[in-house]
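This report goes through selected features of the structure shown below, element by element.

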Amino acid sequence: MLDRPLSPPPVEVIVAVTQALHCEARLLDNEDFDGWLAMLDEDICYRMELKSRRFRADRSPPLPVGPGVIFNEDLGRLKLRVDRLKSGFVWAEDPPNFIRRAISNVEVVARPAENEVRVHSVLIMHRNRIDGTTRVLTAARTDLWRGEGQAWLLVARDIVLDHSVLPDSNLNAFF
Amino acid sequence: MRFERIGREPDYSRYMDLKEGWLDRRIFSDADIYEEELYRIFARSWLFVAHESQIPKAGDFLTTHMGEDAVIVARQADGSIRVMLNSCPHRGNKVCFADAGNTRRFVCNYHGWAFDTAGDLKGMHEEYCYDDGDIDFKNHGLKNVAKVSSYKGLVFATFNGDAPSLEAWLGDFRWYLDMILDNEEGGTEFIGGCIKSVMSANWKFGVENFIGDAYHAGWTHDSGCRSMNDGMPFPPIDMENSYHASVNGHGWEFGTEGVGDLVLLGRPKVMDYYNKIRPKMAERLGEMRSKIFGSVASASIFPNVSFLPGISTFRQWQPKGPMQFELKTWVIVNKNMPDDIKEEVTKGVMQTFGPGGTFEMDDGENWENCTTVNRGVVTRHERLHYRCGIGRQIEHDTLPGIVYRGQYNDANQRGFYQRWLDMMTHDDFSKMPTRPEPRLGNVAETRDLPGLFAL
């Protein structure tokens, strides 16, 4: 993948994709999950891999079935998660938690196709839970977005969570 | 090895009456009781430290904790496994900050003291500064634990030189453990990595949830179940043909319908796989165990390991203070499964009982809030109710252990706290009661037991 394009993508593309990222964060903060699902491509691949702390000079080979994943979701699985959240039976989210996402470091780095862009971004998620405790999670994301008519759709998202020990009891949120 | 503590010796039997069925809330937050647990339970029990498959080759290692003590688990050149304190004998710093890997040496960051994977001191930075007689290399290695042993792939260690053999410690619980560790030729392995998360809850709440609390599932996990199963709530429990079984504080609650947990895993290919091997499993473990495996079930090994046999999540609740634990989770699979089935299991585990899983996400808040609310200075003096199913004990021809009928029960929880009390009150390990008297005796292999094929 070409990570540093010789010429930057058109400003209109950068603006549109950045706006899409901000819009997505706002929809999720407002629990407008249907609005969020509408921004996803039907072939969405949504992943968060596990990371472990290893010595830089570690000699061991990679794990045979991979390092494991926390999320490895397609559209059906993401809809299932949304259905769960909307079921009215998620006691841990009622009254609702306060979640706020800040998106930063947006960098459009490549155009694999005329209507596609690869985008790096950083997410800071603030969660204030029903018992009043607050947790802050940060993550890096590498996305593939595709322009379809008037809209940009999220086709793939790789999430790298910056915590070797999750500082919270669950990851009941979309990143 | 003896661990002396200076201070008051409270009468722990005041904190519960398990014949009546109540617990004192203070055991979930009191700092003195917690310190005593570290000495009397974690420094004296056999504790799970690794699965053999995590460190297959010489030089492979991982780091973990026994109680709050940091340890390294390392595979030796001769194939044996050593467990040693992850603390330099010079100033005490950790000598290994990696989660896992392969190495020849552990080197302390502070003064460069270097140890081989057996823990022997091999050298240090500017070695000339030590004169003759200053240091005896032989006595300044990483402190090894008293005993290391493994049962069908699970490696346990103990700081307690007086501990009974691991087989005796697990006792008749091996009959149940074999359902997850030995249901197919080839045994098991951990795949993928380890997920760690921190919860602000007492470690016992995690253990007791898995040891017997089928009761919470239909309510706590209602949203997860409905979303995974087209809006259907949990099916009703068959109270006639489901059980609690408790052995020395270990416990397994289970149905006998064979499919409930496999349905919850939500991966049809995995269900197909187990259905295919089930006749062989029946030959191997007997009809009864082949019917228990895969049913709605959960289990804990005393003091701090839990797993779901059909769903394949395996976990450890590491104490980090009276009101905090670190949860470590792995995926356990049969070694002889084809790779695509292993991947299906991994996906299923993460989607259900990973930190982002549709079931796991409901549990943490409950345990955290039980812990913090129980601490209230007035609240802590109120008793907690643990009496469910207290009259339903039965004798069962096939099932070993203290057996209660009906999966919705507090029986295994009571068994767990009985063992907790036994360990908190007995100085002499050899005088501690065995609950119940073992059936298996010294039989090493539960597959060879008579009466196994009875129903």
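## Helices α4 and α11 of chain B

In this predicted model, helix α4 (residues 203-212) of chain B and helix α11 (residues 363-374) of chain B have axes that come within 9 Å and cross at roughly 130 degrees. Angles over 145 degrees count as roughly antiparallel and 65 to 115 as roughly perpendicular, with the rest as oblique; α4(B) and α11(B) are therefore oblique to each other. The crossing of α4(B) with α11(B) is right-handed.

On the α4(B) side, the contact is made by B:Phe205, B:Gly206 and B:Asn209, and on the α11(B) side by B:Asp363, B:Trp367, B:Cys370 and B:Thr371. By class, the residues of this contact are 3 nonpolar, 3 polar and 1 charged.

## Helices α8 and α10 of chain B

From α8(B), the residues B:Lys269, B:Val270 and B:Tyr273 meet B:Ile341, B:Glu344, B:Val345 and B:Gly348 of α10(B). The contact of α8(B) with α10(B) divides into 4 nonpolar, 1 polar and 2 charged residues.

## The annotated region and a sheet of chain B

An unreviewed UniProt entry carries the annotation "domain: Rieske" for residues 47-122 of chain B. In the model, residues 47-122 of chain B are 0% helix and 46% strand.

Chain B has an open sheet of 3 strands in the order β8-β9-β10, with antiparallel pairing. Its edge strands, each pairing on one side only, are β8 (105-107) and β10 (121-123) of chain B. From one strand to the next, the twist averages 35 degrees. Strand β9 (residues 114-116) of chain B is joined to β10(B) by 2 bridges, and the two run antiparallel. B:Ala114 is opposite B:Gly123 in β10(B).

## Backbone details in chain B

Two cis peptide bonds can be described here. One joins B:Phe302 and B:Pro303, with omega about 0 degrees; B:Pro303 is in the loop between β16 (297-301) and β17 (305-307) of chain B. Another runs from B:Arg435 to B:Pro436, with omega near -5 degrees. B:Pro436 is found in the segment after α12 (411-425) of chain B.

B:Asp230 is a residue other than glycine with a positive phi, near 50 degrees. The loop that holds B:Asp230 lies between α6 (222-228) and β14 (243-247) of chain B.

## Contact between chains A and B

The contact between the chains takes 37 residues from chain A and 44 residues from chain B. On the side of chain A that touches chain B, the elements giving two or more residues are β2 (69-73) and α3 (75-86) of chain A. Of these, α3(A) gives the most, with 5 residues. By class, the chain A side of the contact has 17 nonpolar, 10 polar and 10 charged residues.

Key: Residues are numbered from 1 along each chain as its sequence is written. Chains are lettered from A and ligands numbered from 1 in the order in which they are written. This is a predicted model: local features need pLDDT of at least 70, side-chain atom pairs count only at pLDDT 80 or more; totals for chains, interfaces and linings use all residues. Two residues are in contact if their C-beta atoms, placed from the backbone, lie within 7 Å. Helices (H or I, at least four residues) and strands (E, at least two) are DSSP runs, numbered from the N terminus. Ala, Val, Leu, Ile, Met, Phe, Trp, Tyr, Cys and Pro count as nonpolar, Asp, Glu, Lys and Arg as charged, and the others, Gly among them, as polar. UniProt positions are given in the numbering used here, feature names are shortened, and annotations may be inferred rather than shown by experiment. Two strands pair if DSSP finds at least two bridges between them. Axes are lines fitted to C-alpha atoms, for helices over the stretch in contact, and angles run from 0 to 180 degrees between N-to-C directions. Angles under 35 degrees count as roughly parallel, over 145 as roughly antiparallel, 65 to 115 as roughly perpendicular and the rest as oblique. A crossing is left-handed if the near helix is turned anticlockwise from the far one by less than a right angle, and right-handed if clockwise.
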